[in-house]
Amino acid sequence: MTDFAAIDFETANRERTSVCSVGVVVVRGGVVCDSFYDLIHPEPNYYSYWNTRVHGLTAADTERAAVFPEVWAQIEPLIEGLPLVAHNKAFDESCLKAVMRCYGMDYPDYRFYCTCMASRRAFPFAQNHKLDTIAALCGYDLQHHHHALADAEACAAIALQIL
């Protein structure tokens, strides 16, 4: 696969609608040609201790952030016509569907591919199939795990090697 958009969401709490940041990396012709990162005002707007512990974001970080529809309006033209790729697509795809449903937005039936599932076939010997582990096996040094853009960049690097 040489044309796709890698996407990663972080959430504020256990609700899939609570996306608080998004990272997107656009790949065309096998080359990264664009990227996007933004904070999002989550819905519902509260942060669980555990989620903050994972990604480091708090309510203070997203207090003045745009709501999801405003952020998605910037992303949509970047990814038009491209399949989406995520590491653990079940999570990211469910977040996207849930937050679109929450705001009454139409979900355009994106084709979603999963680098985590693909990594199980490509690296059956791996100690685990977490993003940082698979990125390292692909020669990618993931410096800021659980930052949405860094995770999308790692996902893109993995996808270029194994999808």
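Biologist: Is glutamate 10 buried or exposed, and which side chain of opposite charge is nearest?

Modeller: Start with the terms: buried means under 20% relative accessible area, exposed over 50%, and partly exposed in between (1.4 Å probe, protein chains only). A salt bridge is a side-chain nitrogen of Lys or Arg within 4 Å of a carboxyl oxygen of Asp or Glu. For charge, Lys and Arg count as positive and Asp and Glu as negative, while His and the chain ends are not counted. Here glutamate 10 is buried and has no salt bridge; arginine 16, the nearest side chain of opposite charge, is 10 Å away. This is a predicted model, where local features need pLDDT of at least 70 and side-chain atom pairs count only at pLDDT 80 or more, while totals for chains, interfaces and linings use all residues. Residues are numbered from 1 along each chain as its sequence is written, and side-chain values use heavy atoms, with hydrogens and water left out.

Biologist: Which residues does glutamate 10 touch?

Modeller: Contact means heavy atoms within 4.5 Å. Leaving out residues up to four places away in sequence, glutamate 10 touches several residues, including His55, His146, His147 and Asp151.

Biologist: Where do strands S2 and S3 lie, and in which sense do they pair?

Modeller: Strands (E, at least two residues) are DSSP runs, numbered from the N terminus. Two strands pair if DSSP finds at least two bridges between them. S2 covers residues 19-28 and S3 residues 31-39, and they pair in the antiparallel sense over eight bridges. Valine 26 stands opposite aspartate 34 in S3. The two strands form a hairpin with two residues between them, and glycine 29 in the turn has a positive phi of about 60 degrees.

Biologist: How many disulfides does the structure hold?

Modeller: A disulfide is a pair of cysteine sulfur atoms within 2.5 Å. The structure holds zero. For cysteine 33, the nearest cysteine sulfur is that of cysteine 155, 15 Å away. Cysteine 33 counts as partly exposed, at 45% relative accessibility. For cysteine 138, the nearest cysteine sulfur is also that of cysteine 155, 10 Å away. Cysteine 138 is buried, with a relative accessible area of 10%.

Biologist: How many aromatic pairs are there?

Modeller: Rings of Phe, Tyr and Trp (its six-membered ring) pair if their centres lie within 6.5 Å; planes under 30 degrees apart count as stacked, over 60 as edge-to-face and the rest as tilted. The count comes to five. Tyrosine 49 and tryptophan 50 have ring centres 4.9 Å apart and planes at 80 degrees, so this pair is edge-to-face.

Conventions:
Helices (H or I, at least four residues) and strands (E, at least two) are DSSP runs, numbered from the N terminus.
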